[in-house]
Amino acid sequence: MFTNGKLTALQTGNTLSVLGRFCRVLLLLFLAQHFIVGYVYSQDIERQQNILIIKSGKATVYDKVVSAIEHYFILYCGNHPDICTETDITSSIPTDLKPEWSGHNDLIITLGTKAAKFTRNHGVSKKTIHAMIPMLPNRNPNISDGIFQETDTIYLNQPLERSLRLAKLSTGGGKRIGILVHKNNAPSESILRRSENNLGVTITLAEVEDSKELGSKLGKLLGRSDALLALPDANIHNRKTISNILTSTYRKQVPVVGFSAAYVKAGAISAVHSTPDDIARHIVDLSTSHLSAKNDLIKGPKYPKYFSVSVNRKVARSLGIKLPSETRLRDQIIAGEAP
Amino acid sequence: MQLLIHPLRYRRLLSSLVVLPAICFQIGNAAGSDPISEDYFFGELPVVLSATRLSQSLADTPTAMTIIDKEMIRASGSRNIPDLLRLVPGFAVGFYSGSRATATYHGMADQYARDMQVLIDGRSVYDPAFGGVAWADMPIEVDEIARIEVIRGPNAAAYGSNSFAGVVNIITTDHPADRPGAMLKTIIGEGNARKIYGRYADSIGDFAYRISANYEEYDGFEEREDSADTRWFNFHGEQTLDNDDTVEFRVGFSRGNYGEGWSDIFQQTRVLNNRYNFQQIAWTHQQSPSNEFRLQFYHNYQQIEDSYRSPIISDIIKGLDDLQGFPEPIRPDIFALGLSGGNYNFQMFLDELKLTDSPLTLSWLGFESDRYDLEFQQTLQTSDNLRLVWGAGARQDQGKSVWIFHQRDSITRDQLRLFANAEWHISPAWVVNAGGMVERFEDKDPFFSPRLAINHHMDQHNTIRASASRAYRMPTLLEDHINLVVFLDEPLNDVNTWVLATGNLDPQSIDSFELGYLGSFPEAGLTLDLKLFHEKIDNVINEFRNFDIPDPDRGLTDPIALATLNNFSDLVQEGADTYINSGEATINGLEVNLDFRPTPRDLIFLGYGYANTYGQEAFLILDGTVQSRNDISDNAASHTFSILGSHRFDSGIQISSAYYYVGEMIWGSEGDLVPTFRRWDVRLGKQFTLPGMDGEIALIGQNLNGGHVDFFNAPNRDLVNRWETRFFLQASLGFR
C-alpha cells in the first residue's frame with residue numbers, strides 16, 4: 001500500500017504528497033532495519049544464560065548477596081535488552097549441588113572462601129568469579145593467594161587508602177592515624193609511606209605479638225593518634241577484644257574507625273565496608289562483562305568497587321566530632337580516589 | 001620536633017553516663033596468620049559503646065566543667081587529690097593538718113566541705129555524719145585516676161542533695177586489664193615523706209582484676225605535731241557474663257594515724273586512728289544498644305577513734321593562769337571557794353556537785369558512720385535526638401558516737417530518690433538538658449531539685465549556654481543530732497554541753513544561674529570556657545554560740561550547788577554551739593577555664609575565678625533572738641588563679657610548673673583568716689624504657705616560694721599551718 005502511494009505521488013507531482021511519502025519511506029526503511037538487526041541479535045543470545053552461585057554456607061549474608069545479584073541482573077537486563085533476554089540464576093551450597101553442576105553453566109559465582117576453594121578443588125576456573133574473599137592485611141593483592149590469581153576475585157577488604165581516607169575524615173581535624181596490627185599482618189612499609197604521602201597523614205603502626213602486649217601497645221598508640229584505624233585482623237579485633245579496645249579508645253577520646261557495620265554498631269565512630277548490595281553490584285558488573293564480551297577481561301583479585309560508609313552518630317556526638325552524612329563521606333572518599 | 005595538632009585532647013567529657021564494661025584482652029591466635037572468614041565482616045559484635053553508655057560532649061553539657069586528666073595530673077606533680085583541685089577555677093583547698101585537707105568551691109567551708117558532692121567511680125564518698133570527705137582515708141592513688149571531672153555549680157538533678165556548690169567526679173584509670181602486669185611507685189622527700197605503692201592487674205578468662213596497695217607517711221607542717229601514716233588496699237574486679245551483662249566489684253580499706261591538736265586544754269595534741277572501708281557491686285545489663293540498665297549497691301564505712309582525757313580536775317585547776325600566785329596545794333580550794341561564793345572547799349565542791357577528781361573526757365571527732373546505697377538506673381536513647389536517664393535509689397546513712405550524739409545507739413536516716421534527666425537535641429544548633437530529682441529523707445519534707453539548660457551551637461567551634469538549677473544541702477547527721485558533751489571520766493557522766501542540735505533543720509538551698517561560652521578550636525588545641533554566674537544561697541545552716549542553752553544539772557537541787565555548778569560550767573564553756581537555718585549568701589562572679597595543647601608535648605592550663613560574695617549569718621543568739629550577725633563576705637576568696645604549664649622534650653624529659661593563687665579568705669569553724677595563698681611548684685621528670693618495663697623518675701619541688709599559711713593562722717594559739725619549700729623524689733616502674 002505504501003509502495004502504491006509513493007508511486008501515485010510521484011505520478012501526480014504533488015509536492016506535499018511527495019514529502020509525506022518520502023517520510024513514510026524513511027519510516028519503512030527504519031522499521032525494516034530494526035527488524036533485521038533485532039533478528040540478528042536475538043539469534044546471538046537466544047540461548048538461556050545459566051548462572052550458578054555457590055555459597056560458602058547458609059549464613060543469611062550469602063542469601064542477601066544472591067537476591068541482590070538477581071535484582072541487579074533484572075535491572076541490567078531491563079536496560080540492556082540487546083545483551084540479555086533470559087538469565088537463569090541458581091544458588092546452592094556445595095553439599096547440595098547436583099553431580100553435574102559444573103557442566104552447564106555460562107558463569108559460576110562463588111561467595112566466600114569455602115565456595116571458591118570448592119570450585120578450585122573440582123578444577124573449575126573458567127568463567128568464574130570469586131567474591132567475598134577476606135584478605136589478610138599484609139597480603140599484597142598483586143601477589144596474593146595463588147588460587148585467586150588467575151580468576152576474577154573480589155576481596156571483602158577495602159583498600160588501605162580508602163580506610164585511611166575515612167579515618168582522616170573521622171578525626172575531627174587530626175592527621176595522626178594509629179593502626180594496631182599483629183606482627184605477622186603488618187602492611188608493608190612502602191604502602192604505608194605511600195599512603196601517608198597521598199593522604200597527608202601520619203601513620204603510626206603498633207605491632208603486637210603477644211596478647212599481653214595488646215593493652216600497653218594500644219595505650220601508647222592512643223597517645224599518638226587522633227584516630228585508631230581497625231584493619232580486619234581477627235588476632236587483634238575479635239569479640240573478646242573489641243570491648244576493651246573501644247572502651248580504652250573512648251576513654252582517651254580517640255575514635256575507632258572500623259571495617260564493618262557491626263563494628264560501628266558496637267561503638268566505632270565509622271567504617272567503610274561493602275554491604276551485600278555493594279558486593280552484588282560489583283559481581284553483576286563483572287558478570288555482564290563476562291557475558292557480553294567474547295574475551296575474558298583482566299583477571300585477578302580486586303578490591304570492592306562499591307562501598308558504603310556507616311557512622312555511629314551517637315559516638316560521634318559524644319566525642320564531639322561533627323561528621324557529614326554517610327553519603328557525603330562516601331562521595332568525599334570517591335572524590336579522593338579519583339585519579 | 002613534631003608540630004602536630006592534637007585536636008582530640010580538648011574534648012573533655014562528662015562521664016556521668018559512662019559505664020565501663022569489662023573483659024580481658026585476648027588475642028585470638030598468637031601465630032597471627034589465621035585466615036579470617038567472611039563472617040568476620042558481617043557477624044554481629046557485642047555493643048560496647050551503646051548510646052546509653054556514652055557521655056555528653058562538653059559542648060552539650062548543661063554546666064561549666066573543669067577536666068583534670070592524666071597529663072595534668074602528671075604535670076602538676078600533685079601527690080594527693082586535694083592538691084589537684086587547686087587547678088579548678090573558684091576552688092580553695094585548705095590543709096588543716098599536713099595530710100588532711102578540705103576542698104571547697106566558692107568558699108564558705110571548714111574542715112568538712114559539706115556542700116561538695118564527691119564521687120569515686122559512681123560511689124558517693126561524702127561522709128553522712130560529718131559531711132565532707134576524708135580525703136586522706138580514701139584508698140586511691142593519683143596514678144590510678146584517669147580523669148577528674150569537676151562540675152562547677154550545683155547538679156542535684158543528677159547527683160542528689162549535697163551536689164550543692166559543685167561535684168567532683170573521680171574516674172579511676174584503666175579497666176583492670178588495660179594495663180596488665182605490675183607497677184611500683186615510691187616517693188621519698190623532705191618532711192620525712194615516704195611512700196610505696198604497688199599494683200598488679202591480670203585476667204583469668206572473662207574476669208579481670210586489679211589489686212593495689214599503698215603505704216605512706218609524712219610529717220606535715222613543721223610547726224605542728226601532725227605526722228601521719230596511712231596504709232590501704234584496693235581491689236577492682238570485673239566479670240563479663242556475656243555480651244550484655246557485666247558485674248563490677250570494688251573493695252577497699254584503709255587505716256591511718258593522724259597527729260591532731262594544738263596547745264589547747266581541750267584540743268591537745270593526740271593521734272587519731274582512722275579506719276575506712278567500702279564495698280561496691282554494680283551489674284550492668286544491656287537490653288539493646290539504646291537501652292541499658294544498671295543496678296548498683298555500695299557501702300562505705302568510716303571510723304575515727306578520737307577521745308581525749310584531760311588531766312584530773314585538781315591538776316587542771318593547779319595549772320590555771322589566774323591561780324599561779326597561790327601555793328600549788330591550796331589552788332583547788334581557792335578555786336572552789338571562788339566558784340561557790342565562799343561556800344565550798346575543793347572536796348565539798350566535788351561532793352556537792354557529785355563530781356570526782358577525775359579527768360574531763362570528750363571527743364571532737366570520734367565517730368563511726370555507714371552509708372548503704374542502692375540505685376537502679378535506666379538509660380535510653382529513644383531517638384537520635386533524645387536521650388533519657390531515669391532511676392530510683394534508696395539510701396541509709398548511719399552515725400554512731402557516744403561522744404557526738406550522747407547515745408550508744410546508731411542514728412539512722414533513710415532516703416528515697418527518683419530522678420530523670422533528658423538531653424534533647426532540638427536541632428543541630430540547639431540542645432536542651434532538663435532534669436530533676438525528688439528526694440525524701442526520713443523526718444523531712446520531700447524536695448525537688450530541678451535543672452534546665454539550653455545550649456546553642458553558634459557554629460562548630462562556638463557554643464553558648466544558659467542554665468538554671470536549684471539544689472539542696474541536707475543537714476548532716478551531726479548538724480541534726482549533735483549533743484557533744486564534756487564528760488567526767490566516762491561517757492554519759494555529763495559535765496558541760498559543748499555543742500547541741502536544737503531542732504530539725506531544713507535543707508539549705510541554692511538557686512544558680514549561669515551564662516556560659518565554650519570555644520573549641522581543635523586545630524589550635526584550644527578549649528576556652530567562660531562562665532558568668534549568680535548564686536543565691538538561702539536557709540544557710542549555720543553554727544553559732546547560743547548562750548541560752550543550759551548545761552546539765554547533774555540532778556542537783558540545792559541552789560548553792562546548782563549555782564556553783566553553773567559557774568563551773570560557764571568556766572568550761574558558756575552556753576553551747578548549735579546549728580540553725582539562719583543566713584543567706586549571694587555570690588556573683590565569672591570564671592575562665594582555658595586548656596591549650598598546641599602540640600602533644602605542650603600543655604597550658606589556666607583557671608581564674610572572680611567571686612563577689614555577700615550575705616550574713618547569725619552570730620549570737622540571746623533570749624531567743626539573734627543579737628548579732630556575721631558578715632560572710634570574707635568566707636570566700638574574691639580571686640582564685642591557677643596556671644599549669646608543661647613541655648616534654650624529645651629526650652623524654654618533661655618539665656612542668658604550676659602556680660596557685662587564692663585571695664585572702666576566712667576558713668570556717670576553727671579555721672582562720674588566711675592571707676593570700678601563693679604556691680609555686682616545679683616538676684622535672686624523665687621517662688625511660690627498659691626491656692620489659694617502663695619507668696619514670698621525677699624530682700618535685702613544692703612551695704618553692706615557701707612560707708605561706710594554710711587554714712590555721714592563729715599565732716596566739718601556737719597554731720599556724722605554714723608550708724615550707726619541700727622536694728620529693730618519685731620513681732615508678734611498670735612491668736609489662
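Visitor: What makes strand 4 and strand 5 of chain B a pair, and in which sense do they pair?

Guide: Two strands pair if DSSP finds at least two bridges between them. Strand 4 (residues 116–120) of chain B and strand 5 of chain B are joined by two bridges, in the antiparallel sense, so they meet the definition. Within this pairing, B:Ile120 is opposite B:Arg123 of strand 5. Keep in mind that this is a predicted model, where local features need pLDDT of at least 70, side-chain atom pairs count only at pLDDT 80 or more, and totals for chains, interfaces and linings use all residues. Residues are numbered from 1 along each chain as its sequence is written, while chains are lettered from A and ligands numbered from 1 in the order in which they are written.

Visitor: Which strands are called edge strands in the sheet of chain B?

Guide: That open sheet has five strands in the order 1-6-7-4-5, with mixed pairing. Its edge strands are strand 1 (64–69) and strand 5 (123–124) of chain B, since each pairs on one side only. Strands and helices here are DSSP runs (E, at least two residues, for strands; H or I, at least four, for helices), numbered from the N terminus.

Visitor: Why is helix 3 of chain A called oblique to helix 11 of chain A?

Guide: Look at the angle. Helix 3 (residues 60–79) and helix 11 (residues 276–292) of chain A have axes that come within 8 Å and cross at roughly 50°. That is why helix 3 of chain A counts as oblique to helix 11 of chain A: angles under 35 degrees are roughly parallel, over 145 roughly antiparallel, 65 to 115 roughly perpendicular, and the rest oblique. The axes are lines fitted to C-alpha atoms, for helices over the stretch in contact, and angles run from 0 to 180 degrees between N-to-C directions.

Visitor: Which hand does the crossing of helix 3 and helix 11 of chain A have?

Guide: It's a right-handed crossing. The near helix is turned clockwise from the far one by less than a right angle for right-handed, and anticlockwise for left-handed. The residues of this contact include A:Tyr72 and A:Phe73 in helix 3 and A:Ile283 and A:Val284 in helix 11 of chain A. By class there are twelve nonpolar, one polar and three charged. Nonpolar covers Ala, Val, Leu, Ile, Met, Phe, Trp, Tyr, Cys and Pro; charged covers Asp, Glu, Lys and Arg; the others, Gly among them, are polar.

Visitor: What makes helix 6 and helix 13 of chain A oblique to each other?

Guide: The axes of helix 6 (residues 160–169) and helix 13 (residues 326–337) of chain A come within 10 Å and cross at roughly 130°. The two helices are therefore oblique to each other. This crossing is right-handed, and A:Leu166 of helix 6 and A:Ile333 of helix 13 are among the residues that make the contact.

Visitor: How many residues of each domain of chain B are in contact?

Guide: Domain 1 (58–307 + 363–735) and domain 2 (313–361) of chain B have bounds from an automatic or database assignment. 17 residues of domain 1 are in contact with 15 residues of domain 2; contact needs C-beta atoms, placed from the backbone, within 7 Å. Helix 10 of chain B gives the largest share of the domain 1 side, six residues.

Visitor: How many residues does each chain bring to the contact of chain A with chain B?

Guide: Chain B brings 54 residues and chain A brings 63 residues. On the side of chain B, 30 are nonpolar, 14 polar and ten charged.

How values were computed
Two residues are in contact if their C-beta atoms, placed from the backbone, lie within 7 Å.
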